[in-house]
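Me: Please present the model, and then let us examine the terms used to describe its helix packing and one of its pockets.
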Amino acid sequence: MAYKAPVRDLTFILNEVLEIDRFTNQPGFQDVSSELAQQILEEAGRFADEVIAPINNPGDKEGCHIDGSVVTTPKGWKEAYHQMVEAGWPSLMMDPQYGGQGMPSVIGSAVGQFTAGASAAFSMYPGLTAGAWAGIHANASDELKAKYLPRMTTGEWTGTMNLTEPQCGTDLGMVRTKAVPQADGSYRITGQKIWISAGEHDFADNIIHTVLARVEGAPAGIKGLSLFLVPKFLVNEDGSLGERNSLECAGLEEKMGIHGNATCVMAYENATGWLIGEEGRGMNNMFVVMNEARLGTGLQGLAIGTAAYQAAVEFAKDRLQGRSLTGPKNPDGPADPIIVHPDVRRMLLEARAFVEGGQAFILWTALQADLEKSEDEAVATKAKDYMGLLTPVLKAYLTDKGFHAASLAMQVHGGSGYTEHFPASQYLRDARITMIYEGTNGIQALDLVGRKLPANGGRAIMSWFADIDAYVAEHGAAEEAVKPFIDGLAQTKKTLQEATMWLMQNGMANPDNAGAASTDYLNIFGLTAMAYVWAQMAAAAQKQIAAGSTDPYYAAKLQTGRYFVERILPDADAHLKKLKTGADVLMAMPAEAF
């Protein structure tokens, strides 16, 4: 099975649904057009298909190797990365001040889906670099930015984020890595970090680590943490590489999936580092990196689901088993292809509806990241609110459903999917981590109900409701083909509103109620977001049909969307019913009874 980047799907979203030509008055869009977007996506899709996808499965089988502290990536991976750098893909969204191309996030997120779909493990090397780049760009001194960002922009140097330690994952207030200030303004960093993706490899001459540590004498807990830039090799004043810093990879993790990515135990022993931002602001500064990573993880989960769906469709069309319930469809063969069976169709459409809705959800959200830079204060404020509100939803919902799509794809493959002769197994294994790292999905749900909803007096969720109401009102007289999408969106928004009111009334009185409701609430929110983008896609597809287009793509888009509205969207009501049961059934049993 050969992965094919979904170029048509994403150009449809960019150019016909979001209509990016409307945003030429916004920062970053002045030189961007729908024609340019199509050209970029076609070239990015070709690169993903021809360079990255072929090394994905062999890289999974071979994995990374460690000899002492030297890590080697699978055969062909270093060469593919160097091709990526030479083609300029890592610099696509980077600041032109540091040699980047300055493309909007919405374009970069489309390209990112191709890279992650072609190989999730490979995509993590440039993905982690982009996150570290963002943290340095947002918070570091001009001196540090000038010294490190240009070569991170090109991809000549890569980057990481170092948070987790053996004794702490989510609870970063327990971080023990220490930083001792030096007379020259640098710090000596000592400690151990675990599960560091792309922590050591053979792609680049230097790796720039962003490390969370506690300055000697700082208070315990989150408020005592600071963020540091710690390079693998020190950099001389002229930009050349100096001596090796006192840090190393102490081991590689043996993992369930993403075998081609080096997941490292990193040991720092009086390593030289420099403060990013101010002392005691480490978590604030790291959130830039973490939010970037959470959005990237949601994208990754969705992209794996896309690849898994493609593999399942190909298998279902080729695999002959049984006869159609309504009579043979392949009378000259020994059996019919399994795609004739209703339950196989159910699994394929279930995966496809999530995949195509998720693609639009990612790009709609990425557009908000671009609008945060608007010179119109009201536009920028709303976009910032939406980014805060939607980041945990996008990360958790799309990784849950990406894994679900991969599981459905394995089921379509039957026993063949459980073997390593077909790609279904790798997709399922690779997808599973996305629900865990960058903050488990349960933590994302708690973040949504505990922090994002009440922020600024609930301004973001109120704005979200108002925008949906306005969209429903504007399209109230929609054509018959679109009306079910508008009605479904209106009803699901009411369900989300009811769930929000329940949380307001019951969550503050008993915080366990909020915790018990959080995952169901996030699912209702995810369904509402998907209903919103599916309504927009349906309207765009029907517009082309009404204008006389006979392209079957638009009819297929509406048919896929109908499955979402009729067979997935009703799940919102079940989530609301479960949400309203509160915490009693979860908390009544004493711990010793488990």
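Reply: In this predicted model, α2 passes α3 in a left-handed crossing, that is, the near helix is turned anticlockwise from the far one by less than a right angle, clockwise being right-handed. The model is predicted, with local features needing pLDDT of at least 70 and side-chain atom pairs pLDDT 80 or more, while totals for chains, interfaces and linings use all residues. Residues are numbered from 1 along each chain as its sequence is written, and side-chain values use heavy atoms, without hydrogens and water.

Me: Why are α2 and α3 called roughly antiparallel?
Reply: The axes of α2 (residues 34-62) and α3 (residues 77-87) come within 10 Å and cross at roughly 160 degrees. Axes are lines fitted to C-alpha atoms, for helices over the stretch in contact, with angles from 0 to 180 degrees between N-to-C directions. Angles over 145 degrees count as roughly antiparallel, and α2 and α3 are therefore roughly antiparallel to each other.

Me: Which residues of α2 and α3 meet?
Reply: F47, V51, I52, I55, N56 and G59 in α2 meet W77, A80, Q83 and M84 in α3, contact being heavy atoms within 4.5 Å. By class, this contact has seven nonpolar, three polar and no charged residues.

Me: What makes up the lining of the second largest pocket?
Reply: The lining has 31 residues, with V17, E19, R22, Y471 and Q536 nearest the centre of the pocket; lining residues have an atom within 4 Å of a point. They divide into 17 nonpolar, six polar and eight charged. α14 gives the most, with seven residues.

Key:
On a 1 Å grid over the protein atoms alone, a cavity is a set of points where a 1.4 Å probe fits but cannot get out, and a pocket is an open set with protein on both sides within 12 Å along at least five of seven lines; lining residues have an atom within 4 Å of a point. Helices (H or I, at least four residues) and strands (E, at least two) are DSSP runs, numbered from the N terminus. Ala, Val, Leu, Ile, Met, Phe, Trp, Tyr, Cys and Pro count as nonpolar, Asp, Glu, Lys and Arg as charged, and the others, Gly among them, as polar. Angles under 35 degrees count as roughly parallel, over 145 as roughly antiparallel, 65 to 115 as roughly perpendicular and the rest as oblique.
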